[in-house]
Amino acid sequence: MQLSVLLFSYDAVGIIQSIIIKTRLKLLTKTLNIKIFDSPTEEWAKFVLNNRSRKYEDISNKKCNHDNKYHIVKGPIADDDLALLFRQFSSGLIDVHTLVKAMEYKKLTNHYSFHTNDAIVCLKKVGNYSE
């Protein structure tokens, strides 16, 4: 499977520069440790919360990536639209099953996050993005 990534950066005067990056994900799985979440699950929710928590200390646990054990992580974006649900779960108002169930009704998009230089060097610029 070929992956296209659109990256945005700002130059010195604040003008948005964008480039399209492509890489072959299937080839990368042979050399890089990639964590894939196909949909919001209990494992995904705990992974997100553990990675956002500054108090999470078991960094060698597979349920977090503070130590960059995964070169690339792919999964649903836990954006502002989900923040209320995560806060309710974190404060004990809802359980993880309710959290995941509530996400079924949200329109979620996936993203890829690159955590190591080994992952980044696999990316290849193929052009500039224009609308």
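How much space lies in the largest pocket? About 290 Å³ lies there, in a model that is predicted.

**Figure 1. Overall architecture of the predicted protein chain.** Five helices and six strands make up the secondary structure of the protein chain. From the N terminus on, these elements follow the order β-β-α-β-α-β-α-α-β-α-β. The protein chain has 131 residues, of which 31% count as buried. Among contacts with a separation of 6 or more, 59% join residues 24 or more positions apart.

**Figure 2. The largest pocket and its lining.** The lining comprises 17 residues. Phe47, Val48, Val73, His111 and Ser113 are those that lie nearest the centre of the pocket. Two or more residues of the lining come from each of helix 2, strand 4 (72–76) and strand 5. Helix 2 gives the most, with five residues. By class, the lining holds eight nonpolar, seven polar and two charged residues. The volume of the pocket is about 290 Å³.

**Figure 3. Packing of helix 2 against helix 4.** Helix 2 spans residues 42–52 and helix 4 spans residues 96–103. Their axes lie 9 Å apart and form an angle of about 100°. Because angles of 65 to 115 degrees count as roughly perpendicular, helix 2 is described as roughly perpendicular to helix 4. On the side of helix 2, the contact is formed by Glu42, Trp44, Ala45 and Lys46. Helix 4 contributes Val96, Leu99, Val100 and Met103. The residues of this contact comprise six nonpolar and two charged, with no polar residue.

**Figure 4. Packing of helix 2 against helix 3.** Helix 3 covers residues 83–90, and its axis is 12 Å from that of helix 2. The angle between helix 2 and helix 3 is about 85°, and the two helices are therefore roughly perpendicular to each other. Trp44, Ala45, Val48 and Leu49 in helix 2 are in contact with Phe86, Phe89 and Ser90 in helix 3. This contact has six nonpolar residues and one polar residue, and no charged residues. Trp44 and Ala45 also take part in the contact of helix 2 with helix 4, while Val48 is listed among the residues nearest the centre of the largest pocket.

Figure 5. Leaving aside residues up to four places away in sequence, glutamate 43 touches Lys35 and Phe37. The C-alpha atom of glutamate 43 is separated by 9.5 Å from that of valine 96. Along the chain, glutamate 43 and valine 96 are 53 residues apart. Val96 belongs to the helix 4 side of the contact with helix 2.

Figure 6. Apart from residues up to four places away in sequence, threonine 116 touches Asn68 and His71.

Conventions. Residues numbered from 1 in each chain as written. Predicted model: local features only at pLDDT ≥ 70, side-chain atom pairs only at ≥ 80, totals over all residues. Heavy atoms only, no water. Axes fitted to C-alpha atoms, helices over the stretch in contact; angles between N-to-C directions. Helix = DSSP H or I, 4+ residues; strand = E, 2+ residues; numbered from the N terminus. Parallel < 35°, antiparallel > 145°, perpendicular 65-115°, else oblique. Contact = heavy atoms within 4.5 Å. Nonpolar A, V, L, I, M, F, W, Y, C, P; charged D, E, K, R; others polar. 1 Å grid on protein atoms, 1.4 Å probe; cavity = no way out; pocket = protein on both sides within 12 Å on 5 of 7 lines; lining within 4 Å. Points joined across faces, edges and corners; volume = space filled by probe spheres on them. Buried < 20%, exposed > 50% of the residue type's maximum accessible area, 1.4 Å probe, protein only.
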